[in-house]
Amino acid sequence: MLRFLFAILLSIVSFLILISLGAAWILVTTPRPTNIKSCFTTEMYQVHICPKDASYTPIREIPHGVKMAVVVSEDGSFYDHSGFDWFELRESFKKDLKTGHFSRGGSTITQQLAKNLYLNKEKSIFRKIREAIIASQIEELLTKEEILEKYFNVVEFGPKVYGIKAAAQFYFSKRVSELTVAEGAWLAMLLPNPTKNYQSFRKGTLSPFARREISKIINRLVSFRKISQANADEALMEMDVLFSRSKPPP
């Protein structure tokens, strides 16, 4: 009996040691975002991000409707959480367990920023843990508006289209400050899968999927009280002419 209890105790201690070693390894190998306010090249897509560059867009130049379109689409509780959304994490974990692989994102804007700046495309529990660690550190280093500013300047909006300034020019031949709510909703619609979702632009007309998702984002802006119903009606009408001022690629 004593041998049995000793074996159980030894197993528990060994397990705790392994967990501790694993946690220590993750902490040691997780990048620290100490350079986030300076100029550097991102890990994910090798994008140079620097507040001094001409390609960099300050948050004050991004129209409110455009900024909020991305927030309500990607992370509705962005202003309320401290780096990660526990509800989304739980739903993501449940979906991953059901499918047997990491299929559901569940990442907040801060987590997406952490991933884009400091991590690679690997999909694993270890990367998600690192993502959460970096996100919590970013939340301590930056304000919410600073986080959004970094996010808008590094995120991918299409094949090799990084940052909102490049996206505004690529899709609409506009400056960022000239973007409309409808155009902001289009950019927000791209984010979950930019290389796939940009196909409507390549074809010069919105697909049923794109039209449905853009409408959903515009309506969420109203439900979150970020724009008025009149603004939403105008944006919904604009969907039909989204690409009339630009020339889609062949």
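Student: Which helices do the buried residues of H12 pack against?

Tutor: Helix H8 (181-190) and helix H11 (208-223). Keep in mind that this is a predicted model.

Student: OK, and which residues in H12 are buried?

Tutor: H12 runs over residues 229-238, and Ala232, Ala235 and Glu238 are buried there. They sit on the same side of H12, because the arc they cover around the axis is only 120°.

Student: What's exposed on the other side of H12?

Tutor: Ala230, Glu234 and Met237 are exposed there.

Student: Back to H8. How do the axes of H7 and H8 cross?

Tutor: Helix H7 (residues 164-172) and H8 have axes that come within 11 Å and cross at roughly 110°. An angle from 65 to 115 degrees counts as roughly perpendicular, so that is how H7 and H8 lie to each other. The crossing of H7 past H8 is right-handed.

Student: Which residues meet there?

Tutor: From H7 you have Ile164, Ala167, Tyr171 and Phe172, and from H8 they meet Glu183, Trp186, Leu187 and Leu190. That contact divides into seven nonpolar residues, no polar ones and one charged.

Student: Zooming out, how many helices and strands does the chain have?

Tutor: There are 12 helices and four strands.

Student: And what share of the chain counts as buried?

Tutor: 46% of the 250 residues.

Student: What about contacts between residues at least 24 apart?

Tutor: Take the contacts in the chain between residues at least 6 apart in sequence: 66% of them join residues at least 24 apart.

Definitions and conventions
Residues numbered from 1 in each chain as written. Predicted model: local features only at pLDDT ≥ 70, side-chain atom pairs only at ≥ 80, totals over all residues. Heavy atoms only, no water. Buried < 20%, exposed > 50% of the residue type's maximum accessible area, 1.4 Å probe, protein only. Helix = DSSP H or I, 4+ residues; strand = E, 2+ residues; numbered from the N terminus. Arc of directions from axis to C-beta. Contact = heavy atoms within 4.5 Å. Axes fitted to C-alpha atoms, helices over the stretch in contact; angles between N-to-C directions. Parallel < 35°, antiparallel > 145°, perpendicular 65-115°, else oblique. Left-handed = near helix turned anticlockwise from the far one by under 90°. Nonpolar A, V, L, I, M, F, W, Y, C, P; charged D, E, K, R; others polar.
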